[in-house]
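Trainee: Before we discuss anything, could you show me the structure that we are going to talk through?

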Amino acid sequence: MLDTLDAPAVRTWCRLALSALGQAREEIDALNVYPVPDGDTGTNLYLTVESATAAVEHCFDGAAAPALDQAARAMADGALIGARGNSGVIMAQLLRGVAEVLAADGGGPQALRDALVRGAEAAYQAVSEPVEGTLLTVAGQAAQDAARTRGPLAEVAGAAHRSARDALLRTPEQLSVLARAGVVDAGGRGLVAVLGALADAVAGQQPMGPVALGEDLPPTHAPCGEPERLPGHPAFEVIYLLDAPDQTLPRLRARLAELGDSLVVGGGDGLWNVHVHVDDAGAAVEAGIEAGRPHRIRITHFAEAAARAGARGGAAAEPAAERAVLSVVTGAGLAELCRSAGAAVLPADPDAPPSSSELVEAVRRCAAREVILLLNDPELRAGAGAAADQLREEGLRIAVLPTRSPVQGLAALAVHEAGRRFDEDVVAMTSAAGATRYAELAIAEGQSWTMAGVCQAGDVLGLIDGDVAVIGTGIAGTGAEVLSRMLAAGGELVTLVLGDGAPQGLADRLVAHARRQRPEVDVSVFEGGPECAPLLIGVE
């Protein structure tokens with residue numbers, strides 16, 4: 001339990017918030033009916049917080065840990081630069097308000113109370129015409145209740161989270177479009193996740209595993225010709241970063257308010273994030289040019305975005321086109337295995353998984369109209385989902401196979417056939433991956449409770465399907481025990497992938513062990529390379 005927020009606590013908050021938004025992204029997208037039902041609020045909030053988290057992580061790259069004010073300002077700047085959509089810009093401005101107070105007053109209970117109040121105020125000020133029943137309402141109520149809470153830091157953060165949840169449940173009473181759809185506000189739901197992460201960080205919770213980080217995604221551009229419109233809505237969403245003096249903002253706000261609605265302008269100190277819904281996208285950009293220098297311009301055609309949102313999860317019935325499989329792998333040996341099976345490869349650092357933007361760029365480099373993405377790591381699922389949505393907006397057909405281990409990815413690649421219809425290929429590869437149980441060995445870094453008991457530093461852990469099942473003292477003995485447990489449930493094909501940490505003769509020993517237990521089993525052995533775990537096992 002923390003008594004005060006410091007830079008590591010801000011880092012943990014961002015990591016937990018990114019994880020929470022990743023888990024809730026699809027749910028939040030589905031709630032998105034206001035201001036435009038284009039199904040992207042969860043994705044936009046995830047990308048906004050991903051950019052904030054990346055900026056905070058960058059602060060920790062030096063030899064010395066950063067001070068609280070550095071981490072807080074990095075969080076705010078990162079969120080501003082990476083903000084996506086209406087809710088993303090509002091969230092960025094809220095975080096900016098929080099950061100201003102934390103940087104100036106420290107991270108004690110009173111500073112957190114003041115920071116949450118300032119964050120809510122900043123969010124309201126960013127919106128040209130605030131509407132109740134939205135993220136703004138949830139932020140305001142959470143801030144009010146936090147300000148009235150006396151006690152340590154955990155009580156303040158907990159009060160804000162509980163109040164936000166209660167306020168979210170009341171949003172349909174405040175906004176008729178939510179009541180008609182039978183949903184709560186999508187942006188408010190995202191804020192509940194972020195404040196829940198704050199409460200967890202203060203309580204001492206740590207994120208599970210490394211977090212995938214990166215820069216903001218590249219801009220998308222509007223189609224040519226006369227745009228269609230969603231009934232009752234402008235045709236385009238326009239968002240851009242703007243380098244401009246503060247004194248030019250009143251005129252810019254007035255001009256954009258004439259052109260459209262849902263106007264949100266966040267930022268300060270000469271850098272702003274501008275968001276507006278308009279029919280004339282060119283005029284909105286020109287207004288930015290008159291005020292300063294717009295860049296990272298993104299223009300979204302609402303009718304097309306809404307159609308894509310409605311079609312998500314459905315499969316278009318069209319002939320197979322040029323197709324690629326992209327596999328995310330750690331280790332040179334695994335990378336070469338995937339390439340030899342016909343896949344493109346995105347090398348991954350085990351301590352810094354690829355971000356959503358890196359996944360987008362890797363898919364683009366495949367230069368294919370259809371792409372099957374093999375993640376080989378459960379931690380990548382949220383970022384991959386956000387990346388896939390971005391790529392579908394560009395007209396690509398993409399399927400994300402949530403393979404949880406490289407051996408599942410290899411099993412999927414073994415049945416890949418480019419000549420099949422896209423959907424049939426995806427089903428076959430998914431079935432092959434799902435039929436493959438997976439295991440790996442790891443070395444314990446310290447004492448810890450596991451599903452198999454208490455381990456000590458240096459113990460060899462045998463994980464089966466992601467859970468610790470065996471605690472041993474040697475790689476060979478632990479690997480044999482794990483393999484025995486997996487084969488006890490049946491199996492016809494065993495895949496062994498050896499990392500550089502595997503002892504000499506391990507492969508021969510495990511092959512003999514497998515055949516003693518099941519003489520009919522086929523065993524394949526591969527070299528994984530220096531970044532691979534000491535041993536990966538797949539049983540089909």
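Mentor: The accessible surface of the protein chain (Shrake-Rupley method, 1.4 Å probe) comes to about 22,200 Å², and 51% of that belongs to carbon and sulfur atoms. This is a predicted model, in which local features need pLDDT of at least 70 and side-chain atom pairs count only at pLDDT 80 or more, while totals for chains, interfaces and linings use all residues. Residues are numbered from 1 along each chain as its sequence is written, and side-chain values use heavy atoms, with hydrogens and water left out.

Trainee: How many helices and strands are there in the protein chain?

Mentor: The protein chain has 20 helices and 16 strands, counted as DSSP runs (helices H or I, at least four residues; strands E, at least two) that are numbered from the N terminus.

Trainee: Why is H11 called roughly antiparallel to H12?

Mentor: Helix H11 (residues 249–259) and helix H12 (residues 281–291) pack at about 170°, with their axes 10 Å apart. Angles between N-to-C directions run from 0 to 180 degrees, along lines fitted to C-alpha atoms over the stretch in contact, and those over 145 count as roughly antiparallel, which therefore describes H11 and H12.

Conventions. Parallel < 35°, antiparallel > 145°, perpendicular 65-115°, else oblique.
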